[in-house]
Each structure stands twice: as structure tokens, then as C-alpha cells.
Amino acid sequence: MAPSSSTLCFLFLLGIFSSTFTSSFTEIGARVEGSGRIRRRTLMDNGLGLTPQMGWNSWNHFHCDINETLIKETADAMVSTGLSAVGYIYINLDDCWGELNRDSQGNLVPKASSFPSGIKALADYAHSKGLKLGIYSDAGTQTCSKTMPGSLGHEEQDAKTFALWGVDYLKYDNCEDTGGLSPKERYPKMSEALLNSGRPMFFSLCEWGQEDPATWAPSIGNSWRTTGDIEDNWDSMTGIADQNDQWASYAKPGAWNDPDMLEVGNGGMTTEEYRCHFSIWALAKAPLLIGCDVRSMDNVTFELVANKEVIDVNQDKLGVQGKKVKKEGDLEVWAGPLANNMVAVVLWNRGSSSANITAYWSDIGLKPSTVVDCRDLWAHSTETGVEDEISAEVDSHACKMYTLKPHTNRDRS
């Protein structure tokens, strides 16, 4: 029986409503702002990464030796140790999770020998623990290991696959054949595909800082690598900290500079060197992605990465990246503003012998008359009524980290 004219009218209006709703949710379209102007949606509209991401990534410790048992056990350990409770929520697969070839429909396929239950089952497991699952792909034709396909030319398809699996995070690398296209051409395609996928996913660009992504990636991704890969040694860590520092002004809530993942606990540095690593990454609003085997971490490693006072600096709602503000040879002061007129400070001795390091109020943005309460974030002690400066004897390859709370708001410059 033919539909009545009133039924046709209803269906027509329903179609308009449905189309409008779908477009507003999935397209990189435009939306009206309070000014009446039209602004194109960007990945920052996913509402993710208002503070730097925290979690775990498989690469630094396990490289390609990953499987679903490892990932599940890691998720279990993140919860049982209390790491998830202090903010480490992403469990991120890196390279080597997939088969060498796509299936007959062109879809990525989890490696049957390593992930026989599939990625969706793994995501469901992470979600059941109150965690989120991250995955890895590449903006070229293959990933860096050359053991699985990249997403070049398959951006929409892969983003929808990840969404179907329940993935929450994508690390997107920059290896192999790129079709002669620059990162500025390839990365926006995946950014759009993720927005079109129907599922919010944190987008971590791993372009290695080659084309200064801090200058163009904030509207494309939630974080972007500013450096090459970190190695588990002092020279690599300190050099990467310096490279990342030059881009401090580009970081903001929803979009962060990424000097690569944490090496804390992997054995290549001393405890004090790891303390420096974690302190500077926290101050610099870097992603805090643990890279060791959390299933067997010792108490020293746990106390480093689980220091809630240091994590609070990283997760501060003001979202301003701290930076190097003073350098005298190997003695450095790093500092940055925090919410509620507070300041975070790191005194860092990169030299070969113990030395005294002083941060004057003029170095760190405080008026000379300011009186503060000085909280030592590693000793967990407070000195009240501090004026003019903070000064400490700092061992070789070690640091001190503080937050300074002015007694009155008007004393803050």
C-alpha cells in the first residue's frame, strides 16, 4: 500500500533531521561559534587530552615481543599496583600486533599467533578494568618493523576498524614508503578519519619532530613527537629534553609536545637519573607513558612513577609547559606556572660533581617581595615563609623538584 502524504512528509522531515545529526557528529564540517563565525572542526574537538596522557606502551621494553597475555597481565598489574588509580589509564600496543597482509576486504588483521582473541576482546578486557586500549599504525605503507601494513591510503577504513574494535588511542608512526607525501599531507587524513569514525580516539602523532610539528599539529592531533626515539641512557634523555624544550610555547590543553615515552625502570640509568627523567617530563607536560615491565617493577621504580605530587604537576589544569629558565654550565633551573598562582621548579645538576643550585624569584616569574611555602615533591616536606630564592645542594646527575605557593595572590607577578 502506498504511504499517505502525511507519512511521506514525516519521513522527509525525519531524513533531514537524521542527515543533520549524522553530519554534525561525523564530518569535519563547520560549526557556529558564539561570534557567529564558522569554524571547521578539528581533532581537539574530541575533548581528549585536556591534560597529558598517562599510561603504558609496549615498545621500550618488549619491542615486537608482544601478545594478548602480556597485555592482559599488564592491565591487571596497572590496577593491582594502584598505578591506574593515580592516572595511568592507557594500555597501548605498539608495532607488530598485526599480520603482514590485510584480508580480502582490505582490513587490518590481528596476528593470529599473538592475538588469537582479536583486538576487540582485548579492548573489552581493558575497559572491564576501567582502562583504555591504544593501538599503533603508520602513515606509510608499512609500519617501522615492516611486519604489518601501514594505513597510507586506508585511513578511513582503518579508523573505522579501530572504532569497531573499541580502541581509545592511536599512535601513528612515520616509516616506510610514504608515496612522496609530506607528513603535513598524510597526518591530517588520519585525523579526519578518526573524527569520522564515530568513536573518540586520542591521536598521538609520531612524526619525530622532523618538520616541526609543534607549528602545525595542534589542530590535527592531541600530541606530537618533537624528537627522535628515546634510548635508555643519560645522554639520550638529556638531549631529548633539550630538543623538546624549544617548543614549550606551543603546548596547551588538548595538544601536547611529546619527547617520547618513559624509560624509568628499564635499567639503563641510575635511580637519580630516572628521577630527573620523570621530573623533567612531568614539568614539561609530556605524556607519561611507562615503558618498563610493570608486572615486575621494583619498589624504587614504583615510587618514582607513582609519585602523586609530581604527577599533579604534569596534570595541572592550567596546562602550561614548564621550561628551562636558567643555565650556568651544567647547572640548570627549569620552571613553569601552575594553577592557583603556584610555580613548579626543578633544580637540575647535569654535571659530574655535586653543586649548589639557586633559583631566584626573578628567574621563575615571582616578584622579589613574594613569600612562599616551598614543597619538596620528592622528600614530601614543606618549608614555610621562604623569601627571595630557593637553593639546594644537588648531587651529580640528580635534581630537586618543588612547588611554590605564594602567601597572597597579589604577590604573584
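**Close-up views of a predicted model**

View 1. Glu176 counts as partly exposed, because its relative accessibility is 32%, and partly exposed covers the range between under 20% (buried) and over 50% (exposed). The model shown here, as in every view, is predicted. Glu176 sits in the loop that links β6 to α6. Its phi is positive, near 65 degrees, in a residue other than glycine.

**View 2. Asn340 in the loop between β12 and β13.** This loop joins β12 (331-337) to β13 (343-349), and Asn340 lies in it. Asn340 is not a glycine, yet its phi is positive, about 60 degrees. Relative accessibility is 68% here, so Asn340 counts as exposed; the cut-off for that class is over 50%.

View 3. Neighbours within four places in sequence are left aside in the contact list. The remaining contacts of Pro259 are Thr226, Thr227, Ile240, Asn244, Trp281, Ala286 and Pro287. Ser223 is 36 residues from Pro259 in sequence. In space, the C-alpha atoms of Pro259 and Ser223 are 9.9 Å apart.

**View 4. Helix α7 against helix α8.** The axes of α7 (residues 234-245) and α8 come within 11 Å. They cross at roughly 20 degrees. The two helices are therefore roughly parallel to each other, since angles under 35 degrees fall in that class. The crossing of α7 past α8 is left-handed. From α7, the residues in contact are Trp234, Met237, Ile240 and Ala241. They meet Glu273, Cys276, His277, Ile280 and Trp281 of α8. By class, this contact has 7 nonpolar residues, 1 polar and 1 charged. Two of these residues link back to the previous view: Ile240 and Trp281 are also among the contacts of Pro259.

**View 5. Helix α5 against helix α6.** Here the axes of α5 (residues 155-165) and α6 (residues 183-196) come within 8 Å and cross at roughly 40 degrees. That angle makes α5 oblique to α6. α5 passes α6 in a right-handed crossing. On the α5 side, the contact is made by Glu155, Glu156 and Ala159. On the α6 side, Lys189, Met190, Glu192, Ala193, Leu194 and Asn196 take part. The class count for this contact is 4 nonpolar, 1 polar and 4 charged residues.

**View 6. The buried residues of α5 and what covers them.** Buried residues in α5 are Glu155, Asp158, Ala159, Thr161, Phe162, Ala163 and Trp165. Of these, Glu155 and Ala159 also belong to the contact with α6. The cover over the buried residues of α5 includes two helices, α4 (119-128) and α6. The strands β5 (132-138) and β6 (169-173) are also included. Gly166 follows α5 and has a positive phi, near 85 degrees.

**View 7. The whole protein, for context.** The secondary structure comes to 11 helices and 18 strands. The protein has 413 residues, and 53% of them count as buried. Consider contacts between residues at least 6 apart in sequence: 70% join residues at least 24 apart.

Notes
Residues are numbered from 1 along each chain as its sequence is written. This is a predicted model: local features need pLDDT of at least 70, side-chain atom pairs count only at pLDDT 80 or more; totals for chains, interfaces and linings use all residues. Side-chain values use heavy atoms; hydrogens and water are left out. Axes are lines fitted to C-alpha atoms, for helices over the stretch in contact, and angles run from 0 to 180 degrees between N-to-C directions. Helices (H or I, at least four residues) and strands (E, at least two) are DSSP runs, numbered from the N terminus. Angles under 35 degrees count as roughly parallel, over 145 as roughly antiparallel, 65 to 115 as roughly perpendicular and the rest as oblique. A crossing is left-handed if the near helix is turned anticlockwise from the far one by less than a right angle, and right-handed if clockwise. Contact means heavy atoms within 4.5 Å. Ala, Val, Leu, Ile, Met, Phe, Trp, Tyr, Cys and Pro count as nonpolar, Asp, Glu, Lys and Arg as charged, and the others, Gly among them, as polar. Buried means under 20% relative accessible area, exposed over 50%, partly exposed in between (1.4 Å probe, protein chains only).
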